[in-house]
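Work through the exercises below with the sequence and the 3D structure open. Try each task before reading its solution.

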Amino acid sequence: MRLLVTGGAGFIGSNFVHYVYKHCPDWHITVLDKLTYAGDEKNLAGLEPNRFQFIKDDICDEATVDKVVADCDAIVHFAAETHVDNSLHGPDRFIYTNVVGTYQILEAVRKHDKRLHHVSTDEVYGDLEPDSTEKFSETTPYNPSSPYSATKAASDMLVRAWVRSYKIKATISNCSNNYGPYQHVEKFIPRAITNILLGQKPKLYGKGLNIRDWIYTEDHSSAVLAILEKGKLGETYMVGANGEKSNQEVLEMTLELMGKPKDWYEFVSDRPGHDLRYAIDARKIRAELGWTPAYTDFKKGLAATIEWYKNNRDWWQPQKAETEAKYKELGR
Ligand code: NAD
Ligand code: DAU
């Protein structure tokens, strides 16, 4: 298997590359990544050149994409602009990468008749009422709230149209909030941990009551590999690990694990259009592909994540000042 991974220098992409490298010893992996502010080649350190190749380029570049897709057997497409707050204050590059980039991948997949797995998010479904028991499933109607989720929804729709009209061999997954090592410090959990490590109070948007459904990133990797190997072509799979928590609960647990009083945080202004609650019904992937998450103890996963940020200051410190300067401008 010659596997092409787009966005493989980012958070989930690099965790996935390490996962596949470990579990599929006879596969060759090529990463195509533009190395935006969110990508770091260091995330891929330690991979042997006989099994791994890195190409720094843009998924919107037609000639590059055509060549790398022609040279592989299958593609897992992670590359995207991913941060909701950035999308609210500068949507243009989200349209470019998430929509135009996915279009270029699809055209190359169609031309060279390759297998594609498209990685998407639960945010395409909008949000759920905080006090309901409803969950997102594969049949939930799309209802995106932010420029980020609207562009991911657009990319999913393109994949579905290419499956139906051109019969490309593709699958889609819509996963909930990931946490774990290598996540950029702009995101909630790493931002809170690194603030605390620097002696600064972490920030809670609005009233802190918004709910996210957390999954340890290695469980997302095992789900994507299961779909790539066993998924039914043309199908969508929801990926989640029953990890619903309010932002306030997550922050209080982080503070407790880091030896701080549980109210040692600041409320800041809310995100415009802030989605209230996400929750995933993952019965289909469990029943049809036999996938189960391995990391179901959130507190344990959070403690391991805190340890990783404690031990990898050199990795995150260069991102921190610029990220906080952006937040300061937004009043968050
Ligand atoms: P990330 O922001 O950490 O990484 C994105 C990667 O894509 C970076 O390495 C970046 O350099 C690369 N990239 C961006 N634009 C590019 C371009 N034009 N050409 C080539 N490479 C480019 O993102 P992440 O959190 O790892 O998310 C990866 C994927 O998973 C995304 O498609 C995202 O929508 C999806 N997803 C994320 C989550 C989550 O909780 N983070 C949950 C569900 C789905
Ligand atoms: O659900 C999947 C999505 O999860 C992915 O598609 C996105 O790429 C990923 O960024 C994530 O989106 P969220 O907006 O849910 O993640 P974020 O880490 O930005 O924020 C999580 C929650 O925490 C959200 O309700 C906003 C809140 N928050 C965020 C920050 C940065 C805070 O309360 N304080 C903060 O400092």
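**Exercise 1.** Find the polar backbone atom of Lys 203 that lies by a nitrogen atom of ligand 2, and state the distance.

Solution. Step 1: a polar contact is a pair of N or O atoms within 3.5 Å; within protein, one must be able to donate a hydrogen and the other to accept it, and residues adjacent in sequence count only if both atoms are side-chain atoms. Step 2: the distance between the Lys 203 backbone atom and the nitrogen of ligand 2 is 2.8 Å. The model is predicted: local features need pLDDT of at least 70, side-chain atom pairs count only at pLDDT 80 or more, and totals for chains, interfaces and linings use all residues. Residues are numbered from 1 along each chain as its sequence is written, chains are lettered from A and ligands numbered from 1 in the order in which they are written, and side-chain values use heavy atoms, with hydrogens and water left out.

**Exercise 2.** Describe the rest of the surroundings of ligand 2.

Solution. Step 1: a polar side-chain atom of Thr 121 is 2.7 Å from an oxygen atom of ligand 2, and for a polar side-chain atom of Asn 177 the distance to an oxygen of ligand 2 is 2.7 Å. Step 2: on its own, ligand 2 has 690 Å² of accessible area (Shrake-Rupley method, 1.4 Å probe), and the protein covers 95% of the 690 Å². Step 3: the shell counts residues with a heavy atom within 4 Å. It holds 23 residues, with Asp 122, Glu 123, Tyr 148, Arg 271 and His 274 the closest. Step 4: strand 8 (203-205) and helix 6 (188-197) each give at least two residues to this shell; strand 8 has the largest share, three residues. Helices (H or I, at least four residues) and strands (E, at least two) are DSSP runs, numbered from the N terminus.

**Exercise 3.** Which residues come nearest to ligand 1, and how is its shell made up?

Solution. Step 1: Ile 12, Asp 33, Thr 82, Tyr 148 and Lys 152 come nearest among the 28 residues around ligand 1. Step 2: a polar side-chain atom of Thr 82 is 2.7 Å from an oxygen atom of ligand 1, while a polar backbone atom of Phe 78 is 2.9 Å from an oxygen of ligand 1. Step 3: ligand 1 taken alone exposes 850 Å², and the protein buries 97% of that. Step 4: helix 1 (11-23), strand 5 (115-121) and helix 5 (147-166) are the elements giving two or more residues to the shell, and the largest share, three residues, comes from strand 5.

**Exercise 4.** In what order do the seven strands of the open sheet lie, and what lies across them?

Solution. Step 1: two strands pair if DSSP finds at least two bridges between them. Step 2: the order is 3-2-1-4-5-6-11, with parallel pairing. Strand 3 (52-56) and strand 11 (236-239) are the edges, each pairing on one side only. Step 3: strand 1 (residues 2-6) and strand 2 (residues 28-33) pair over five bridges, and Thr 6 stands opposite Leu 32 in strand 2. Step 4: contact means heavy atoms within 4.5 Å; axes are lines fitted to C-alpha atoms, for helices over the stretch in contact, and angles run from 0 to 180 degrees between N-to-C directions. Helix 5 lies across strand 5, strand 6 (169-175) and strand 11, at about 155° to strand 5.
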